[in-house]
Amino acid sequence: MTDTTTEMDGNVAELRNTVRDPKGQGDPKSYRISKDGETTRHEDAAWADKDLKMYTRDVHVHYGDNHAIKGVSVDVRPNEVLALMGPSGCGKSTFLRCLNRMNDPVPNARIDGTIALEGENIYDKDYDVVMVRLRIGMVAQAPNPFPKSIYENIAFGPRLHGLTDGKEELDEVVENSLRRAGLWEEVKDQLHQPGTNLSGGQQQRLCIARAIANEPEVILMDEPCSSLDPVSTNTIEELIMELKKSFTVVIVTHDMQQAERVSDRVAYFHLGDLVEVGPTNAVIRDAQDQRTKEYVSGHIG
Amino acid sequence: MTDATAQGSAPGGRRIDSDAFRSRLATRRRKGAILKYSGLIAICIALAILGTLLFSIVSQGWQGFLRTNVELEITYNEEIIGGDAEDIPSGAFQEIARNGLQKALGLPPEAEDYDPSDLNALISSGVRYDLQQAVRDEPELIGRTAQLSVPVSSTMDMAYKGKLNLDVDEGRRQLSNQQLEWFNQLQDDGRLHSEFYWGLFSNSDSRSPELAGLWAGIVGSFVMIGIVAAFAFPIAVAAAVYLEEFAPKNRWTELVEVNINNLAAVPSIIFGLLGLAVFLNTLGFPRSSPLAGGAVLVLMTLPIIIIAARSALRSVPPSYRDGALMLGASRNQAVMKTVLPTALPGMLTGTIIGLAQALGETAPLLLIGMQAFVAAPPEGINDTATAIPVQIYLWANAPERGFAEKTQAAIMVLLMFLLIMNATAIILRNRFQKRA
Ligand SMILES: Nc1ncnc2c1ncn2[C@@H]1O[C@H](COP(=O)(O)OP(=O)(O)OP(=O)(O)O)[C@@H](O)[C@H]1O
Ligand SMILES: [Mg+2]
């Protein structure tokens, strides 16, 4: 996948040049601010030699006449946690759903622009949508376990894609996924009870476990902690830090502190525009755009 | 209003302490109470109507489950029936039965001052065939004597159940003076008693009420219900899944939707006419056959099951579908693995209710020829058949008085089947809900 020989490769290289910051080399804290069109970009150089995991260029989403995303371009780097922030209704969920084509089944949604995973356009006619969602997993805002047993919930993906051979390997995948989601100890004796009987926080972790059982490369999370208590929230934040080692995470959050704790970079959306993007500290502590400043100060005080 | 508020509120008092607020509160409570009690009254009225219906059916029909028998000492007289057990005319057995009656009534063997056919008319015309069959099965009986309990005729049955007015003069009575005397004698001797009439389920239709049963109708009905279940359920589920999950939302599918909803409201007799024109006249299905009846009922039930299946699909939370898609399931897999299993109990419930409706349907069956007298259950889907509701219709129109209580009893049997089906639907739903 990484040996990109198509013209897409040239595209990525070109992009990388625009983002690379020669002055800030070696110093992760230093960044340069640039504005391309609408977006203020805090560009830090520390990552510069790595490949982009995903990139999006000039993404527009229309729901009928509602122009929900108005030309967003943002990169996702490997093994980073990118937080999408912004006021309610600004299009964070919409954008997130575009990243694994979950907007496809939405009637009258129209998506334009380029969204690429390791240099390949996932909206290409020849790109199989099942492959997209297998490589880019997702955890919805509201926990949505299937009305099946805990075991069946986790086994759903691996079974579907034939990722395991035999029952033992499947058992192993189920246990591992539950362990990584921090749920194993709580449910190991009731694996065959319905997943819908768990508490909200447990259900959310079940959904995360279900997503990582597929071994995706990128995990998208839409406000995974919005309905959780502080303890569950903490568990999930620790999980995200842990997941970062093997996956790339894009997370929607309203919680400034949470963004500071878990994310490497923040993308701030406003009414369908990407307003400001850069390292978390830079965007939250040193916002350049007036709209970002207001949002951030409204929360941090 | 503003006046009242101004007057009512104490100066500097809180708004909720004002009289206006309190009177609004009282109004609200009163309205709530009115709504509650009118709902209660409505339910009571519905229950009362249902109770009246059930009471009238049960009170008139319970005796339809009983049949009156008379105890007779039957001698299988060798002189009358001869030696060859296989080849005895039923008339001989009529004589044997009559002799039994004569003995019971203390009458001389040779008729003197009465007509032997008056005596024959006391017992069911089926008795001689029963005796004939008994001898065929067991030729050793010839020459022996046995105590038997044989069914009386329908008129006697009515008289014993007290449903015949015996105080009127002979011309307006179904029993002659002589027969009435015999009846009283048999009753006084304790030879008459009621028994549960299993024949209601195991016999087929007959011209004699005391021999008539529902077996042919039960078989016919369930063969047709089987045809409906086998064809309507899969077709309806496939149609519902397509319309709900895959069909593009455009004019064309909207038209299909409107038509399905309208079809569900089409009176069943129209489906009967359609069946007559299409299945009998064009496709040449045999008249009055379970195949033709089943086909008509399939047409009639399809829209009902489609609508039930669609609402079951629509009630599946979209998050299940999304959850499957997020895990990389194709649209098809998401439907088959999450949506359909979740919707299945609802679909089954709808199907059973559709089947129950088909079970009670009469009009379309009459139109495709099922109004004939059918004395045996169908032997195949092309054979002539009848159905429980058709049987009810025929008995209700029969002139013999004995069929009146049979009609009520048959209604109770039909209601029992409907009850069993609806209970199955409820049990299925609960079972699935618990598992989910
Ligand atoms: N399925 C849909 N059909 C039509 N319009 C939609 C749909 N989903 C979202 N929208 C519209 O798109 C815009 C962005 O919605 P989105 O859900 O992406 O906001 P959000 O940033 O996630 O908000 P929140 O923080 O409240 O979750 C809103 O104006 C919304 O009305
Ligand atoms: Mg959202």
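**Ground rules.** I am working from a predicted model, in which local features need pLDDT of at least 70 and side-chain atom pairs count only at pLDDT 80 or more, while totals for chains, interfaces and linings use all residues. Residues are numbered from 1 along each chain as its sequence is written, chains are lettered from A and ligands numbered from 1 in the order in which they are written, and side-chain values use heavy atoms, with hydrogens and water left out.

**Entry 1, helices 11 and 13 of chain B.** I looked up how helix 11 (residues 251-264) of chain B packs on helix 13 (residues 290-314) of chain B, and found an angle of about 125 degrees with the axes 8 Å apart. Helices here are DSSP runs of H or I with at least four residues, and strands are runs of E with at least two; axes are lines fitted to C-alpha atoms, for helices over the stretch in contact, with angles from 0 to 180 degrees between N-to-C directions. The angle makes helix 11 of chain B oblique to helix 13 of chain B, oblique being what remains once angles under 35 degrees (roughly parallel), over 145 (roughly antiparallel) and 65 to 115 (roughly perpendicular) are set aside.

For the contact (heavy atoms within 4.5 Å), I noted B:Glu257, B:Ile260, B:Asn261, B:Leu263 and B:Ala264 on helix 11 of chain B, meeting B:Pro303, B:Ile306, B:Ile307 and B:Arg310 on helix 13 of chain B.

I then took helix 14 (residues 318-326) of chain B and helix 15 (residues 331-360) of chain B, whose axes come within 9 Å and cross at roughly 145 degrees. Helix 14 of chain B contributes B:Tyr320, B:Arg321, B:Ala324 and B:Leu325 to the contact, and helix 15 of chain B contributes B:Arg331, B:Ala334, B:Thr338, B:Val339 and B:Thr342.

Strand 5 of chain A runs parallel to strand 10 (residues 248-252) of chain A, joined by four bridges, with A:Leu84 opposite A:Val252. Strand 5 of chain A also pairs (at least two DSSP bridges) with strand 11 (residues 265-270) of chain A, in the parallel sense over four bridges, where A:Tyr268 is the bridge partner of A:Met85.
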